[in-house]
Amino acid sequence: MTVTLRRFNALTDARQTLVDLYANVRAELLQLPNYRPAAFAERLDRHGAEPGWEAVIAYAGDGPVGYAYANTVEGDDRWWKRMAGPVPDAYTAVPAVAVKEIGVVVPWRGKGVARRIHDELLAGRDEQHATLLVNPVAGKGKVQRLYEGWGYRHIGTQQPSPESPRLACLTRALS
C-alpha cells in the first residue's frame with residue numbers, strides 16, 4: 001500500500017488525528033505520566049500556538065500511520081534554556097526548527113515512513129538547522145542511532161519536565 005504525506009499549518013486541522021496517532025504509537029508507554037494522551041494534548045496545544053508550527057501526517061489508504069510536527073525556536077527559547085550545559089552559539093544565534101514529535105504505528109515501522117515524514121517536514125524550512133530530543137534508551141539506543149544516521153549529532157542533554165526522562169538533544173544542518 002502506498003503512503004501519502006499531507007502537510008498541516010494549522011493545529012485545528014490536524015489536532016484530533018495527531019492525538020489519536022500519538023496514543024497508538026506510544027501505546028506501551030501510556031501508563032507513564034509524561035506519556036499520557038492528555039499530557040501530549042497539552043504539549044501539542046502549546047506547540048501548535050508557537051511560531052512556525054507545521055505537521056506532516058502519513059496516510060496509508062484513508063488511515064493515518066505516522067506523524068511529525070515541529071516549530072521554530074529562537075535562541076532565547078525554553079528549548080535551549082533547559083539544556084544541562086551551555087549550548088554552542090552556532091545553534092542559538094539563528095532560529096532553528098525543533099522537531100517536537102515523530103512517530104509511526106507499529107505495522108509501518110522499519111519501512112522508511114518516519115524518514116519520509118521527517119524529510120517532508122523539514123523541506124522548504126527557512127531555518128539553518130534542525131534539532132530534536134530523543135530518549136537515549138528508547139529501543140536500547142536504536143532510535144538515537146537512527147537519527148544519527150539521518151545526520152544528527154549529540155550536543156547535550158535536557159529534561160523538559162520533572163516527569164520526563166533525561167533526553168539527548170541532537171542537531172543537524174538543513175542545507
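1. Lysine 140 sits in the loop between strand E5 (129-134) and helix H6 (142-149). Helices (H or I, at least four residues) and strands (E, at least two) are DSSP runs, numbered from the N terminus. The phi of lysine 140 is near 55°, a positive value in a residue other than glycine. Lysine 140 counts as exposed, at 79% relative accessibility. Exposed means over 50% relative accessible area, buried under 20%, and partly exposed in between (1.4 Å probe, protein chains only).

2. A word on the basis. This is a predicted model, in which local features need pLDDT of at least 70 and side-chain atom pairs count only at pLDDT 80 or more, while totals for chains, interfaces and linings use all residues. Residues are numbered from 1 along each chain as its sequence is written, and side-chain values use heavy atoms, with hydrogens and water left out.

3. The protein has six helices and seven strands. From the N terminus, their order is β-α-α-β-β-α-α-β-α-β-α-β-β. The radius of gyration is 15 Å, close to the 16 Å that the globule rule gives for 175 residues, so the protein is as compact as a globular protein of that length. That radius is taken over C-alpha atoms, and the rule is 2.2 Å times the number of residues to the power 0.38.

4. Of the 175 residues, 47% count as buried. Among contacts with a separation of 6 or more, 68% join residues 24 or more positions apart. Contact means heavy atoms within 4.5 Å.

5. The largest nonpolar core has 42 residues. Such a core is a set of buried Ala, Val, Leu, Ile, Met, Phe, Trp, Tyr and Cys residues joined through side-chain atoms within 4.5 Å. Leu18, Leu44, Ile57, Trp108, Tyr147 and Tyr152 touch the most other members. Strand E2 (residues 54-60) gives the largest share of this core, six residues. A second, separate core has ten residues, including Trp79, Trp80, Val87 and Ala98.

6. Tyrosine 152 deserves a look. Leaving aside neighbours within four places in sequence, its contacts include Val99, His118, Leu122, Tyr147 and Leu170. Thr131 and Arg172 are also among them.

7. Serine 164 lies in the loop between strand E6 (153-158) and strand E7 (167-173). Is serine 164 buried or exposed? Serine 164 is buried, with a relative accessible area of 5%. Leaving aside neighbours within four places in sequence, serine 164 is in contact with Asn34 and Gln159.
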